[in-house]
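Please keep the sequence and the model in view while reading.

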Amino acid sequence: MEDLPGIVITGASGRMGQMLIKTVVESDKAKLAGAVERTGHAWIGQDVGVAMGGAPLGVTVTDKPLEAFANAQAVIDFTAPEATLEFSKLAAQARAVHVIGTTGMTDAQIKQLEPASYHAVIVRAGNMSLGVNLLTVLTQKVAAALDEDFDIEIIEAHHHHKVDAPSGTALMLGEAAAAGRGVDLADVSDRGRDGITGARKKGDIGFTAIRGGDIVGEHDVLFAAAGERITLRHVATDRAIFARGALKAALWGQDKMPGHYSMLDVLGL
Ligand code: NAD
């Protein structure tokens, strides 16, 4: 047990945080080494198992990330962009693998991760599930095979608490579609990114975001031309798929050189 890689979960009380704690505790390949929440959170100082309404896990929730990271081989982080930037510096200082599931980061914020990736392994993905990563590969292939007569629309649906839109996954799929077309996503579409659906121009890639109820995550990539359409679809019904992928990334990163990796690297896709 002592030799298993120790994992710290940030945002421990969050929807993903609690799922990640459950996944690590149930795994025979890793052990829970820490749980971090923001300063002032009601869980600080409590045993994380008890805070989650179960048996004690022997890990106290802390608001001192560097102390927690110092004893860990990996940090799994599904929080918020500003927090993730801070955690990337601290994880690099501790030479711990930093698995980033946080979405809604701007290009400028993603660039700020670079110095940390010189010293430690970062695995970042807007979606950690096997199915969605496979879907990005398929999206790129289909986009490459079809010409610009096919409009590409990405339609996503999530629960009403989600703060960013379009989702990180929708943007991943948009990037894959653009790569298949041999263009840069920034050059072909901003449609839907501000909630504004403008008029379509040839070669455009559009986004539509739906927010409602407890939807875990649904993504459709629609290729529509005159007379025919193709839809690629992924439906997530359980957050456990993201947690399992994140744990896989944390273990995969243990023997890798410092750098900024994606889930496609982890899954060998
Ligand atoms: P949530 O709001 O339920 O949880 C976020 C948690 O982070 C909260 O507990 C909050 O207190 C904590 N937090 C915020 N700032 C912090 C700080 N400075 N220090 C410590 N903790 C801090 O949200 P969620 O649904 O769990 O999602 C979290 C993030 O993960 C979002 O960006 C979401 O889009 C993303 N997400 C990614 C994937 C993926 O596969 N990559 C899957 C699901 C969700």
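Is Arg95 buried or exposed? At 55% relative accessibility, Arg95 counts as exposed, where buried means under 20% relative accessible area, exposed over 50%, and partly exposed in between, with a 1.4 Å probe and protein chains only.

## Basis of the description

This is a predicted model, in which local features need pLDDT of at least 70 and side-chain atom pairs count only at pLDDT 80 or more, while totals for chains, interfaces and linings use all residues. Residues are numbered from 1 along each chain as its sequence is written, and side-chain values use heavy atoms, with hydrogens and water left out.

Helices (H or I, at least four residues) and strands (E, at least two) are DSSP runs numbered from the N terminus, and two strands pair if DSSP finds at least two bridges between them.

## Backbone exceptions

Most residues other than glycine have a negative phi, and most peptide bonds are trans. Arg95, which is not a glycine, has a positive phi of about 55 degrees, and its place is in the loop between helix 4 and strand 5 (97-100). Ala165 and Pro166 are joined by a cis peptide bond with omega of about -5 degrees, and Pro166 is found in the loop between strand 7 and helix 8 (168-181).

An open sheet is formed by 7 strands in the order 3-2-1-4-5-6-11, with parallel pairing. Its edge strands are strand 3 (61-62) and strand 11 (259-261), each of which pairs on one side only. Strand 1 (residues 6-10) and strand 2 (residues 31-36) run parallel and are joined by 5 bridges; Ile9 has Ala35 in strand 2 as its bridge partner.

Helix 1 (residues 15-26) packs on this sheet, touching strand 1, strand 2 and strand 4 (74-77), and its direction makes about 165 degrees with that of strand 1. Axes here are lines fitted to C-alpha atoms, for helices over the stretch in contact, and angles run from 0 to 180 degrees between N-to-C directions; contact means heavy atoms within 4.5 Å.

Another open sheet has 4 strands in the order 8-7-9-10, with mixed pairing. Strand 8 (205-211) and strand 10 (228-236) stand at the edges with a single partner strand each, so one side of each is left without a neighbour in the sheet. From one strand to the next, the twist averages 15 degrees.

Strand 7 (residues 151-158) has 6 of its 8 residues buried, so it is largely enclosed by the rest of the structure. Strand 7 pairs with strand 8 in the parallel sense over 7 bridges, with Phe207 in strand 8 as the bridge partner of Ile154. With strand 9, strand 7 pairs in the antiparallel sense over 7 bridges, and there Glu218 is the bridge partner of Ala157. Strand 9 (residues 217-225) pairs with strand 10 in the antiparallel sense over 9 bridges, and Gly217 stands opposite Ala236 in strand 10.

## Nonpolar cores

A nonpolar core is a set of buried Ala, Val, Leu, Ile, Met, Phe, Trp, Tyr and Cys residues joined through side-chain atoms within 4.5 Å. The largest such core has 38 residues, of which Ile7, Val48 and Ile76 touch the most other members. Helix 10 (residues 240-252) contributes the largest share of this core, 8 residues. Not counting residues up to four places away in sequence, Ile76 touches several residues, including Ile7, Val99 and Leu247. A second, separate core of 18 residues includes Val142, Leu146, Val188 and Val221.

## Aromatic pairs and a buried asparagine

The structure holds 2 aromatic pairs, a pair being rings of Phe, Tyr and Trp (its six-membered ring) whose centres lie within 6.5 Å, with planes under 30 degrees apart counted as stacked, over 60 as edge-to-face and the rest as tilted. Phe69 and Phe87 form an edge-to-face pair, 5.9 Å centre to centre with 65 degrees between the planes. This pair links Phe69 in helix 3 (residues 65-70) with Phe87 in helix 4 (residues 81-93), 18 residues apart. Phe69 is buried at 0% relative accessibility, and Phe87 is buried at 9%. Trp252 and Tyr261 also form an edge-to-face pair, at 5.1 Å centre to centre and 80 degrees between the planes.

Asn127 lies in the loop between strand 6 (121-124) and helix 7 (130-145) and is buried, with a relative accessible area of 5%. Leaving aside neighbours within four places in sequence, Asn127 is in contact with Val132, Asn133, Thr169, Met172, Phe242 and Met263.
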